[in-house]
Amino acid sequence: MLVSLRPYALRCDHRATPLGIDEAAPLLSWRLASAHRGDAPLAYRVRVADRAEDLDEGGQPLWDTGRIEDPDAIGAVYAGPALKSRTRYHWRVAVWPAERTDPTGPTAEGGSAAAVEATSWFETAFRGADEWRASWIGHDPRPIPVMDAPTEGERALDDHGLAPCPTLRRAFTGPAALRARLYVSARGLYEVRLNGTRVGDAELAPGWTDYTRRVQYQTYDVTELVRDGENVLAATIADGWWSGFVGFEPRRAGAHYGAFPQFLAELHIDHADGRTTTIVTDDTWRTHTGEIRHADLLMGECHDLRHAADGWDLPGFDDTDWSPALITDTGHRLLVASVDEPVRATTALRPRSITRVPHGNGGVTADGGHDTHIVDFGQNLAGRVRLRVAGLAPGARVVVRHAEALDETGRLYTANLRTAAATDVLIGDGREHLVFEPRFTYHGFRFVEISGVPRLYDSDVVAVALHSDTPWSGAFDCSDPEIRRLHDCVVWGQRSNFVSVPTDCPQRDERLGWLADAQVFLPTAALNADVAAFFTKWLRDIEDARTPEGGFTNVAPRLIGVADEGAPGWGDAGVIIPWHLYRTYDDPRFLSRALPAMRAWIGLIHRHNPDLIWRRHVGPHFSDWLAPGVPTPREVIATAYFAHSTRLTASAAEVLGLPEVAREYHRLAADIRTAFSERFVTTDKNAEGDPTVRIAGDTQTGYLVALAFGLLPEDATGPAAQRLAELIEKAGPALQTGFLGVALAAPVLDAYGRADLAHALLRRTDVPSWLFPLRHGATTIWERWDGWTPGTGFRAPSMNSFNHYALGSIGEWLYRGVAGLDQSPDSTGYRKLLIRPRPGELGHASAGYESARGTVTVRWERHDQTLGLRVQVPPGASAEVHVPTDDHGSVRESGAVPVDGEHLTLLATIPATDTASGHSVYRVGSGVYRFTASYPSRPTYPSRPTGGYPTAPVASAGPRRAPSPAASLAGSHEEDTP
Ligand code: RAM
C-alpha cells in the first residue's frame, strides 16, 4: 500500500524543537504534505513521553490523545500531566489519511490506510520562578573609571556618559557533562562564553521587554563545551534597552529601566556518574571591565584593545586583580522563558562600492590623517559592520559611522538619525590582523564612512544584517522588475524592523514598537515569514503596557515620553493583531489570551463615548498618519476603528465559544455602525437618478475605513466604492492616504471590482507612489511618500526615516491580489483557499507560502491569448479558484475540459465588467491543478500608463561605480514640522 500523505514541520508553540519553554500547555502542531491530488487527513493521534522509546507501540507515554477523527486538525494543545522542569519531552503525531478515490493517485486499500508518523521534541526550562537559585550580579558602578588624557592627534572620545561593559567570570572544576544546560538572562544584554567558546548565536539577548514587568531568559545546550578539569563560564554584559538610550525619551537619557547592567545565569551539569554540578551567578564571580569601553543601541560601540585581557574567558587566567561581583538582588519573579526566535546575524552583504575621500575633504578624521572611505552596501538594513584591519598602533583609531543616504557632496547624511550617534570605534594596541564587529549595538544604514584605515578593500568589510530570526515563509515574483523590487523593499523593511519587537524604524533615536505600524503591516509580514512566535512575545509586551484603566497603548514596550493612551488605529492593534494571528495560524489561544484586554479596550472607549462616536479618550489621535492632502475627519477614523474592533471582539468570543459575549459585542458593533451612518454618511441621488453616498470629509481614507470595516448599509457600498474610485482617479490616480488608509486601499478597491485601479496605483511613479522612492534609489520602504524629492531634497530630518515598513502594507496585496494567493474570509489556517489572481497588465506572477497547514503555491502566466494558472493546495484544504477568462468554454484543467467530480466542481461563471475580466470559479480539493483559459492579451479595461518601466532596475545600474543610486538622495533640506 502506498501512502503519500505525511505530517512535517512539527512545531511546539510555533517553534521547531524549542529548548527551554515554561508554557504549561504548549500547542503541538504539524503541517501536511502529499504528492497526490485529493489526499486529506482523516484522524490524528499525538503522544508525548519523557523517554523516546515510550512513543513506540507498547510504550507508556505521558499523554496520548488516542485516535481522534478530525480532518481539520493541525495541532493539539498538550493536556497531559503537569510538565516537569528542565525535562526533554518527545512527541509524535500520527496522521491517518482519508480514503483516496482519485484514480490519479495510489489507492489506500480498503480505506484503512496506515497512519504516517513524525517525531519531534521540546524541552522545558524552569516551570516556576521559585526554582531559580542564581543572584543578579553586576560590576560595582561606583568606582569612577580613570580617564586617560587623549594623546596627541587623538580627539577626546565621546562616550555619551556610558560606562564600560563589565566582564564576569567564574572558574569551576568538574568532569565533562552528560548533559549541560545554561539558563541565562540579563538586565541589559549578555554574551556568554564557556571555556572561550561563545554560547549560542543569539544577538541582543535576552531581548526587549518592559523589564519592570517581565525579563526573558534563554536556555542553551552546552553539553559539548563542558570539559574535564578547570572550566570557565564568562560573560560580557552591556546596557542595551535596560540602562542605555531608548527611543527619544528626552528626560532621562540612558538608564531607562535601571542604572547599570546585571547578569543572571545557572549552569546545570549532569555527569555520567549521576552527580550534578550547578554553577549559579553569585558573589564568587569575579568582574572587571574589558575592551568594550561603551556599547549602546543608539550611540554605538567602542572597543579599546588597550583594555583587552587576553584569555579572560579561558581556564588559567589570573583574575586576582578583578573584583568580586556585586550582588544586586535575588528577584526571580519576573523571569520568563523566551517564546520567540532570537535576533540573529542572518546574512552578510559585501560592498557594492567603496569610494575614497581624500583626507581634508571632510568626514570624521580622528585617525591621524588617513583618507576616509565611504562604503555603499547597496541595501538599507539593520545590523552592523564586520571590518578587517591589518593593524593599529597603540591609541590609533578606526571610526565607523553609519547613514541611510549620502548628501549632495557624497558625504554621509546623518541628520535624520537625530540623536543616535550610530558610531563605532576601534582603538588599537599595536596588534595586527584585527577583526572589529560591535556586539551590543545595531544601526540602520546602507552607507558607512570608515576612517582610520589607510586602504580598504572589498574583502575587508561586510554589513551583517540582524533581526529576529522568524522563518521565511513566503515568496513573490512577477514579470515587472520594479514591482519585484518593491516586494524586496518590503521584505528588507521587515528584516530591518523585526528586532525583538516590531519597530517603526531601525536608524534614528526611536526604534519603538508602534502599534499601528505593526497592525497595518502584519498581514504582509505574516505572509513573508512565520511570525507566530515573534508576535506571541510582542502580544505579551502589549499586555504588559496596558494602562491602569485597561487600555492599549501606542507603543509596546511602553516608553516614557509617548502618551500611553492608545490612539484610534494604534490602540486597536491590541484587538486586530490577535485576530489576524488566529486566522493565519489557526491557534485560538491568540484570542483566549487577548479577549479580556480586548473587552476592556472596547469597554473603555464605550464608557467615555456613550453616543458611540469616538471623540474622547483618543490619546494623541495620530489620525491617518502622514496622509498627504485633505485630512480625514478624526471622528470618522476613530469611530470606524471602534466599530471594527468591537466586531472583531464579538468574533473572537464566538470562536472561543462564548455566544452571550459575542452577542453583546455584535449588538454594540451594530449600534456603532448605525451611529456612524447617521453621523457621517449622506445619501442622495445624482442628476441621472443614481444613488450617491458621501462620507463626512469626502476623503479616500473615509471611504476606505467605511468599506473595509463594513460600516455602510448594503445599498450604500456600491456608490461609496464608486466615490472612492473617483477620488483616487481625480488625484492622479494616486492615493492620499497615510499609514491607516494605505493598508486598506488595494484590498478594498479589489473587493469592489477595481483591481485595475489598484494596479494603476502600483504602477504609478510620481509622488505619492510606491515606485517613486524606488526610482530614486530606495531599497526599503520610506516613512514618507516624499522623504526625498528632486525638487525639495530631504524632508525635515526631525522625522524622515528611509526604512519604515508601514507604507509597505501593499505587500499583502502582491500576494493576495496580484498573485491571487488568499484564504476565504471564513477560513483559518488556510483551510479554505481563495485563489483569485489579478493579472492587470503583468505577464506573470507567482507566490508561494508555507501556511500553517502546508505549502500553498500559485503561479499564473499569459502567453498570447491564453492564461495558465497552476495552483497547489495542501492536504485537507480546499480552494475556490477564480480562473480569469471571459470565455468559460475555453477553460481546461490539466489539458482536459474540467468535469465536475470529487476534487473539482464548477461553482460559478462571473461575467466581465468594464473594469475586470470575467471568471470561471471552481472548487478544488488538495493537490496540484493546472488551468488554462483564453484571456485577452490586452486587459479589458483601459490602461493608464504612468511612465514606462526602465529596462533595468535602477538600483542595479552600475555596480561598484559611483555615484550610487542613493547618492542621488541629495538636495536642499526642506524645513517642516511633521
Ligand atoms: C512616528 C513614527 C511611527 C508612528 C508614530 C505615530 O514616531 O513614524 O511610525 O506610528 O510616529
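Predicted model: local features only at pLDDT ≥ 70, side-chain atom pairs only at ≥ 80, totals over all residues.
Two packed helices are described by the angle between their axes and the distance between the axes. Helix H4 spans residues 532-545, and helix H5 spans residues 573-585. Their axes come within 11 Å. The crossing angle is roughly 155 degrees. Angles over 145 degrees count as roughly antiparallel, so H4 is roughly antiparallel to H5. The crossing of the two helices is left-handed. On the H4 side, the contact is made by Ala532, Phe535, Trp538, Leu539 and Ile542. H5 contributes Gly574, Ile577, Pro578, Leu581 and Tyr585. Of these contact residues, 9 are nonpolar and 1 is polar. No charged residue takes part in the contact of H4 with H5.

Strand E28 covers residues 397-403. Buried residues are those under 20% relative accessible area. In E28, 7 of the 7 residues are buried, so the strand is largely enclosed by the rest of the structure. In a regular strand the side chains alternate between the two faces of the sheet. Arg397, Val399, Arg401 and Ala403 point one way from E28. Val398, Val400 and His402 point the other way. Both sets are buried.

E28 pairs with two strands, E31 and E33. Strand E31 (residues 423-427) pairs with E28 in the antiparallel sense, over 5 bridges. Within this pairing, Ile427 of E31 is the bridge partner of Arg397. Strand E33 (residues 443-451) also pairs with E28 in the antiparallel sense, over 5 bridges. Here Val400 has Ile450 of E33 as its bridge partner.

Note on methods. Residues numbered from 1 in each chain as written. Heavy atoms only, no water. Axes fitted to C-alpha atoms, helices over the stretch in contact; angles between N-to-C directions. Helix = DSSP H or I, 4+ residues; strand = E, 2+ residues; numbered from the N terminus. Parallel < 35°, antiparallel > 145°, perpendicular 65-115°, else oblique. Left-handed = near helix turned anticlockwise from the far one by under 90°. Contact = heavy atoms within 4.5 Å. Nonpolar A, V, L, I, M, F, W, Y, C, P; charged D, E, K, R; others polar. Buried < 20%, exposed > 50% of the residue type's maximum accessible area, 1.4 Å probe, protein only. Pairing = 2+ DSSP bridges.
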